[in-house]
Amino acid sequence: MNKRIRPTPQLLLVAVLLALCIVLPFALLACDTQPPEDTDPSDSSFDTPEESTSDVFSESYTDTEPEDTQDSETESEPTETEPVETEPVETEPVPDNIIHGFEVDLEMEKALGFDFEIRDEQMMAHGNVWLRTEPSTQKGDASKVEILYSKTEIRRIGYSEKWSRVVYKGRVCYVSSSYLVEYAPQNDKTDIYYEGKGKNKDIVIVIDAGHQLFAMNDTEPNGPGSDEMKVKVTSGTVGVATGIWEYQLNLDVALLLRDLLLDEGYSVVMIRETNNVTISNVERAEIANRYRAAAFVRIHANSSANANTKGALTICQTPNNPYNADIYKECRGLSKNVIDEFCRATGFENDGVWENDTMTGINWCRVPTTIVEMGYMSNASEDKAMATEEFRNNAAKGIFAGVVKYVQANHVFG
Ligand SMILES: [Zn+2]
C-alpha cells in the first residue's frame, strides 16, 4: 500500500508543472486577445489600418465569409500576425445567404418564386443540360453558364421540384431538377427471356424500350462494316409539359405490351426492364437477331423543335438500305400494321411509316423490325396525353394488335 501512495506527491508536482507549462502560454495569449473585444475609443487608431486589411480579405474571400467583415473589424484583430484566425464565427450566426459556405442570391431566387429546400448531396446529370445563373430560362442565352454533360457528377445544395441549386467549379448555378438523378452503377439486367406456351410459344417477340437512364456517348458503327460512327445510345427526349423522360414512358408501355403478349402465349424477350442499364443500339439489335425474333418492336416517343408537330409514326429502312434491304418488305409490313393499330387504339394522328437508313438499331437487324414513335413529347398536349394510364394501356394494346396481325400472317410455323 505504501509503495503505491509514496510516488503520488511527486507525480502530482510534476503533473502540476507540466499543466502550467501547457496552460500558461494560452492563458497569456487569451489575455492578449480578449480585452480588445470591448474596444475603447482609444483603440480607434488601430481601426483604420485594420479596416483596410480586412477589406482586402473580404474581397478575396467573398465565398466564405462575405458578411462577417463589417462587424469583425471592430471586434477582433488587435494582433497583426493572424487576423483571420480569431473567431468571429462563434459570436455571429452564419448569414442566411451562406449555404454550405457558398454565397447564394436569395433575393433573386425569391423574386423568381423559389424557396429552395437546403440539401447537400452528390447527384449526376443524365442528358446534357445547361447550367444557368438563375432558376429560369427567361433570359435565354444570357443566363447560360456551361453545359452539364450527361453522367457528370455535381453537388446539389438546394432543391425544388423544377430547379436545383448546384455548385459547379466552385460557383453556384441552377439546373432543371429533372436532369439530376442519384448516382447508381449501371448494372441492371438486360436480355430478359420469358417462355411462352401453347401454339404461340415458338413465336418470339423482342421488345426494346428505347434509350436508358444514362447516355453512352462513345460510338459504334452505324451499320455492319460501316465507317460512319454514331453515339451508342442517348437518354432520349423529355416531356415538355410533364418532365417525364422518354426512357421511362417507353419502358412503361413496353412492360404493358410484354404482359399482353405473354397472356396470349407468345415468348417474349425484354431488352431491358429497368432504366439503369448499359446497352447500345447495336447490342439491342443483336439480341433480336440472336433470338430470331418474329418481330422486333422498338418503342420510342418523338421530339421536334416545332412545338406544334404531333402525330404517331413507325420507322423502317428504305428498299435501298445498304445493310438489310433484303428484309425491307418484312420491316415495312410490320411497321404498317403497328402504326395503323396503334392509331386506331390511341386516336393519335397517323403519320404513316417513315423510311430511313440512318438508324443504327435498324441497320444491324436481320429480323422484322419497327420503331414506334408514339407521339411528340415536345408537343404539350401529346405529352400530357401520353402521361395518362389510359393512353399507355391503349398504346400497348394497339402495338400488340399490330404485332399479332403481322406475325400471324407472316410467321412460318415449323
Ligand atoms: Zn427515342
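Leaving aside its neighbours within four places in sequence, with which residues is A295 in contact? Select A295 and then I205, L334, P368, V403, Y406 and V407, which are the residues it is in contact with, where contact stands for two C-beta atoms, placed from the backbone, within 7 Å.

Before going further, note that this is a predicted model, in which local features need pLDDT of at least 70 and side-chain atom pairs count only at pLDDT 80 or more, while totals for chains, interfaces and linings use all residues. Residues are numbered from 1 along each chain as its sequence is written.

**The whole chain**

With everything displayed, the protein shows 12 helices and 18 strands, these being DSSP runs numbered from the N terminus (H or I over at least four residues for helices, E over at least two for strands). Of its 414 residues, 37% count as buried; the label needs 20 or more other C-beta atoms within 10 Å of a residue's own C-beta, whereas 12 or fewer make a residue exposed and anything in between partly exposed, with C-beta atoms placed from the backbone. Among the contacts with a separation of 6 or more, 74% join residues 24 or more positions apart.

**The cores**

Next, select I205, V206, I207, A295, I399 and V403, the residues that touch the most other members of the largest nonpolar core, which has 71 residues. A nonpolar core here is a set of buried Ala, Val, Leu, Ile, Met, Phe, Trp, Tyr and Cys residues joined through C-beta atoms within 7 Å. Helix α12 (residues 389-410) gives this core its largest share, 9 residues. A second, separate core of 13 residues can be picked out through I154, V166, Y174 and V175, which are included in it.

Two packed helices are described by the angle between their axes and the distance between the axes. The axes are lines fitted to C-alpha atoms, for helices over the stretch in contact, and the angles run from 0 to 180 degrees between N-to-C directions.

Select α7 (residues 246-263) together with α12: the two pack at an angle of about 50°, with their axes 9 Å apart. They are therefore oblique to each other, given that angles under 35 degrees count as roughly parallel, over 145 as roughly antiparallel, 65 to 115 as roughly perpendicular and the rest as oblique. The crossing of α7 past α12 is right-handed, that is, the near helix is turned clockwise from the far one by less than a right angle. On the α7 side, the contact is made by D252, V253, L256, L257, L260 and L261, and on the α12 side by R392, N393, A395, A396, K397, I399 and F400. These residues divide into 9 nonpolar, 1 polar and 3 charged, where Ala, Val, Leu, Ile, Met, Phe, Trp, Tyr, Cys and Pro count as nonpolar, Asp, Glu, Lys and Arg as charged, and the others, Gly among them, as polar.

By class, the contact of α9 with α12 has 10 nonpolar, 7 polar and 6 charged residues.

**Stops in the loops**

Move to S303, in the loop between β15 (295-302) and β16 (312-316). S303 is partly exposed, because 18 other C-beta atoms lie within 10 Å. Not counting residues up to four places away in sequence, S303 touches T237, Y376, M377 and S378; the C-alpha atoms of S303 and M377 are 5.6 Å apart, across 74 residues of chain.

Y149 sits in the loop between β5 (144-148) and β6 (153-159), and is exposed because it has 12 other C-beta atoms within 10 Å. Beyond its neighbours within four places in sequence, Y149 is in contact with A125 and N128, and its C-alpha lies 6.7 Å from that of A125, 24 residues away in sequence.

Finish at K169, in the loop between β7 (163-168) and β8 (171-176), where phi is positive, about 50°, although the residue is not a glycine. K169 is exposed, with 9 other C-beta atoms within 10 Å.
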